[in-house]
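Here is a briefing on one protein model. Keep the sequence and the coordinates open while reading.

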Amino acid sequence: MALESRERLIVALDVPSAAKAETMVTQLGDSVRFYKIGYQLAFAGGLPFAKELIAAGKQVFLDLKLHDIGNTVAKGVESVAQLGATFLTVHAYPQTMKAAIEGRRGSKLRILAVTVLTSYDDADLAAAGYEMDVKELASARAAQARDIGIDGLVCSAEEVTALRDIAGAGMVLVTPGIRPAGGDAGDQKRIVTPARAIKAGADYLVVGRPVVETADPRSAADAIVAEIDAAI
Ligand code: C5P
């Protein structure tokens, strides 16, 4: 079933407390239906807050990038599934991905794999002991994720076309690094507009500062949804 434009926008609640997150969610109202909670908020009351959001009818993406021994990952994912979250990230190691799929069984939680962190370049991979470059490792891990039954991948808009070829139509591609035309890039080096990301084949866009750090977050979110709508 085709997604509505508004369901494709995921706002990153990169704020230091649940109180600040609540203020932002109230301000955004019906304009935003999907929120991402990462390390910063998760470790500052973000998990009980995620439950409140879900109870209020919002969807939640827990960006926790899990990676541990299989048994620990599977049990952790079971707990996340009980929260009622929609998406959870894990690092794309085969054992971790298999454990995550086992842990989410019977729930509506979908597992997204992070292939290679976007802050890593070829030299970082070599320093970590890998013999592949970023492109090779990202492609290899995307293929493993697909074969293991992972539900989707987090990737930059520039990777969407190449990864879609590997992932096929069945996996969702979730894309951060989005900046509306004319916006401030912040620390994102490779940025793409909402329209370009959607045209490239992204299913969901993750947007943080261009929404939460503006004077009028609701208008900013509505403008992004309008841009997605025009691009579909
Ligand atoms: O504020 P901004 O729109 O740059 O926020 C993007 C969000 O997506 C942040 O929460 C960031 O951690 C996350 N992210 C990213 N790049 C990735 C993976 C996640 O920017 N490769």
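Two strands count as paired if DSSP finds at least two bridges between them. Helices (H or I, at least four residues) and strands (E, at least two) are DSSP runs, numbered from the N terminus. The model is predicted: local features need pLDDT of at least 70, side-chain atom pairs count only at pLDDT 80 or more, and totals for chains, interfaces and linings use all residues. Residues are numbered from 1 along each chain as its sequence is written, and side-chain values use heavy atoms, with hydrogens and water left out.

**The barrel**

- Eight strands close into a barrel with parallel pairing, in the order 1-2-3-4-5-6-7-8.
- From one strand to the next, the twist averages 25°. Angles run from 0 to 180 degrees between N-to-C directions, and axes are lines fitted to C-alpha atoms, for helices over the stretch in contact.
- Strand 2 and strand 3 (residues 59-66) run parallel and are joined by four bridges. Here Tyr-35 stands opposite Val-60 in strand 3.
- Helix 3 (residues 70-83) packs on the sheet. It touches strand 3, strand 4 (87-91) and strand 5 (110-114), and its direction makes about 165° with that of strand 3. Contact means heavy atoms within 4.5 Å.

**Strand 8 and its neighbours**

- Strand 1 (residues 9-12) runs parallel to strand 8, with three bridges between them. Leu-9 has Leu-205 as its bridge partner in strand 8.
- Strand 7 (residues 172-175) also runs parallel to strand 8, joined by two bridges. Val-174 stands opposite Tyr-204 in strand 8.
- In a regular strand, side chains alternate between the two faces of the sheet.
- In strand 8 (residues 204-207), Tyr-204 and Val-206 point one way, while Leu-205 and Val-207 point the other way. All of these are buried. Buried means under 20% relative accessible area, exposed means over 50%, and partly exposed lies in between (1.4 Å probe, protein chains only).

**Val-172**

- Val-172 lies in strand 7.
- Val-172 counts as buried because its relative accessible area is 11%.
- Leaving out residues up to four places away in sequence, Val-172 touches Phe-87, Arg-110, Leu-112, Asp-151, Gly-152, Leu-153, Asp-203 and Tyr-204.
- Lys-108 is 64 residues from Val-172 in sequence and 14 Å from Val-172 in space, C-alpha to C-alpha.

**Helix 1**

- Ala-21, Met-24, Val-25 and Leu-28 are the buried residues of helix 1 (residues 18-28).
- Seen down the axis, these buried residues fall within an arc of 100°, so they line one face of helix 1. The arc is that of the directions from the helix axis to the C-beta atoms.
- Ala-19 and Thr-26 are exposed on the other side of helix 1.
- The buried residues of helix 1 pack against strand 1, strand 2 (34-37), helix 2 (39-55), helix 9 (209-212) and helix 10 (217-231).
- Gly-29 follows helix 1 and has a positive phi, near 50°.

**Helix 7**

- Val-160, Leu-163 and Ala-167 are buried in helix 7.
- They sit on the same side of helix 7, because they cover an arc of only 70° around the axis.
- Thr-161 and Asp-165, on the other side of helix 7, are exposed.
- Helix 6, strand 6 (152-154), strand 7 and helix 8 (194-200) are what the buried residues of helix 7 pack against.

**Helix pairs**

- Helix 6 (residues 134-148) packs with helix 7 (residues 160-167) at an angle of about 35°, the axes being 9 Å apart.
- This crossing of helix 6 and helix 7 is right-handed. A crossing is right-handed if the near helix is turned clockwise from the far one by less than a right angle, and left-handed if anticlockwise.
- From helix 6, Ala-138, Ser-139, Ala-142, Ala-143 and Arg-146 meet Leu-163, Ile-166 and Ala-167 of helix 7.
- The residues of this contact comprise six nonpolar, one polar and one charged. Nonpolar covers Ala, Val, Leu, Ile, Met, Phe, Trp, Tyr, Cys and Pro; charged covers Asp, Glu, Lys and Arg; the others, Gly among them, are polar.
- Helix 3 and helix 4 (residues 94-103) pack at about 35°, with axes 7 Å apart. The crossing of helix 3 and helix 4 is right-handed.
- The residues of the contact of helix 3 with helix 4 divide into five nonpolar, four polar and two charged.
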